[in-house]
Amino acid sequence: MDFAILFAVTILAGFIGSIMGLGGGIIMVPLFTIVFALPIKMAVGTSLVAIIINSAASSVIYLERGEVSLPAALRLQTFTVIGATAGGVAAGFFPARLIAYLFSVVLLWTAYQMAYKALRVAKSEIGGDVSHGNQDWDFYGLGRKLRLWAYGGSVFAGMISSLLGVGGGVIQVPLIHLLLKAPIRISIATSAFMIGITASAGAAHYVLRGDINPLTAVVVATSIFVGAHVGATIAPKIRLTYIRVGFSAVLIYTAIRMFIQG
Amino acid sequence: MMERAIQEKLSRSFKFVIAIVIGIMILSVFSNYESVLYSRNYSGILSSKPPDNPILAPGAIAVLAIILLPLSSIAIILVLKYKNDKPTTYYAAALLVYSIINVILAINLVW
């Protein structure tokens with residue numbers, strides 16, 4: 001029974017994660033700790049391994065469609081890891097509770113922006129997909145000022161991620177979509193590619209400390225691979241309005257959770 | 001090389017790497033999964049008893065392979081190279097170096 005639940009929920013996590021450019025940790029960590037009573041460190045470590053597989057499975061399909069902006073992904077990722085390192089150093093100097101409260105407000109504002117955009121453009125997108133590939137958005141076409149803002153935003157995203165343990169997708173998708181004005185599908189695909197790199201760096205520490213159950217990780221990785229592959233394959237058939245609204249819901253959920261835990 | 005061509009090649013190479021990792025994962029499921037990498041005591045979902053000795057079992061090898069997966073993608077980007085956009089290649093190199101340092105630090109932390 002446990003095995004069936006584990007398999008079903010992680011398939012769902014992979015499915016939702018790949019459609020929205022998230023790792024799925026937001027679903028998996030509570031599942032592992034609450035349902036399966038895994039210690040929190042082991043839950044996070046196992047979830048990180050699953051996130052890598054989720055990212056890889058989605059990225060194969062998104063890369064094939066030309067939806068990943070590699071120049072944006074590599075640049076933003078570099079600044080994100082700088083921020084994450086700085087966040088790790090600064091963790092002792094900042095009150096985590098205050099940061100959690102402030103970031104909850106930022107997430108709610110971002111959710112509002114996403115939902116507003118979804119409703120505003122809903123009419124023009126009825127009938128299906130509007131963006132395939134990179135042809136309608138080019139990273140090189142962005143102004144220097146905007147790029148600098150994005151790099152700064154990535155440093156901030158890395159710091160927040162490191163200070164509060166928030167996954168990359170929740171921050172990166174809005175950053176690429178709202179700040180860099182990339183179409184939502186490119187934002188999601190680029191974020192899906194990036195979160196694997198972030199999770200990989202984190203997971204190395206967990207695996208070497210023994211905070212990963214290899215067998216559980218392998219089972220979860222297999223099921224999340226299926227979910228992510230299916231999700232990324234059918235993603236173009238899902239209306240962008242639904243994706244944006246769904247993402248707003250995830251942001252609101254994360255904000256509330258962070259506020260309560262803060 | 002143009003970005004579209006890089007994306008297609010990266011996707012193909014990535015598929016190959018994932019196929020190898022999935023292969024290792026399947027092998028690990030059919031092997032003796034009770035012998036895991038670490039001797040730490042924990043209550044896992046499927047593995048109930050801790051091993052007597054730390055053994056590098058296939059399950060653990062699969063996990064390590066999974067962790068190295070994103071690094072391979074960056075390495076592939078480096079091999080393919082952006083002819084018209086050298087900074088992107090430099091960023092990829094920086095990320096690869098960072099990731100390798102991270103893994104080395106993690107190894108040092110434990111062993």
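Reply: With 17 C-beta neighbours inside 10 Å, A:Phe7 counts as partly exposed, because a residue needs 20 or more such neighbours to be buried and 12 or fewer to be exposed. This is a predicted model, and every value below is computed from it. A:Phe7 sits in helix 1 of chain A. From A:Phe7 to A:Ile99 there are 92 residues in sequence, and their C-alpha atoms are 35 Å apart in space.

Two packed helices are described by the angle between their axes and the distance between the axes. For helix 1 and helix 3 of chain A, the axes come within 10 Å and cross at roughly 50°. Helix 1 and helix 3 of chain A are therefore oblique to each other, and their crossing is right-handed. On the helix 1 side of chain A the contact involves A:Thr10, A:Gly14, A:Gly17 and A:Ser18, which meet A:Ala50, A:Asn54, A:Ala57 and A:Ser58 of helix 3 of chain A. By class, this contact of helix 1 with helix 3 of chain A has 2 nonpolar, 6 polar and no charged residues.

Helix 2 of chain A, residues 25-35, has A:Gly25, A:Ile26, A:Ile27, A:Met28, A:Leu31 and A:Phe32 as its buried residues. Those buried residues pack against helix 1 (2-20), helix 3 (40-65) and helix 10 (240-261) of chain A. After helix 2 of chain A comes A:Ala37, with a positive phi near 50°.

In soluble globular proteins, nonpolar side chains tend to be buried together. Here the largest nonpolar core has 112 residues, and A:Val49, A:Ile52, A:Ile53, A:Ala221, B:Ile66 and B:Ile67 are those with the most contacts inside it. Helix 8 of chain A, residues 184-209, gives the most to this core, with 16 residues. Leaving aside residues up to four places away in sequence, A:Val49 touches A:Ala203, A:Ile212, A:Ala217 and A:Ala221 in chain A, and B:Val63, B:Ile66 and B:Ile67 in chain B.

Helix 8 of chain A has a further partner in helix 4 of chain A, residues 70-90; their axes come within 10 Å and cross at roughly 40°. Helix 4 and helix 8 of chain A are therefore oblique to each other, and helix 4 passes helix 8 in a right-handed crossing. The contact is made by A:Ala72, A:Ala73, A:Leu76, A:Gln77 and A:Thr80 from helix 4 of chain A, with A:Thr190, A:Phe193, A:Met194, A:Ile197 and A:Thr198 from helix 8 of chain A. Its residues divide into 6 nonpolar, 4 polar and no charged.

The contacts of A:Val49 reach chain B. Chain B has 3 helices and 0 strands, and its elements run α-α-α from the N terminus on. Of its 111 residues, 37% count as buried. Among contacts in chain B between residues at least 6 apart in sequence, 51% join residues at least 24 apart. Helix 3 of chain B, residues 86-110, contains B:Tyr90. B:Tyr90 is partly exposed, with 15 other C-beta atoms within 10 Å. B:Tyr90 and B:Leu78 are 12 residues apart in sequence, and 8.4 Å separates their C-alpha atoms in space.

How values were computed: Residues numbered from 1 in each chain as written. Chains lettered and ligands numbered in written order. Predicted model: local features only at pLDDT ≥ 70, side-chain atom pairs only at ≥ 80, totals over all residues. Helix = DSSP H or I, 4+ residues; strand = E, 2+ residues; numbered from the N terminus. Contact = placed C-beta atoms within 7 Å. Axes fitted to C-alpha atoms, helices over the stretch in contact; angles between N-to-C directions. Parallel < 35°, antiparallel > 145°, perpendicular 65-115°, else oblique. Left-handed = near helix turned anticlockwise from the far one by under 90°. Nonpolar A, V, L, I, M, F, W, Y, C, P; charged D, E, K, R; others polar. Core = buried A, V, L, I, M, F, W, Y, C linked by C-beta atoms within 7 Å.
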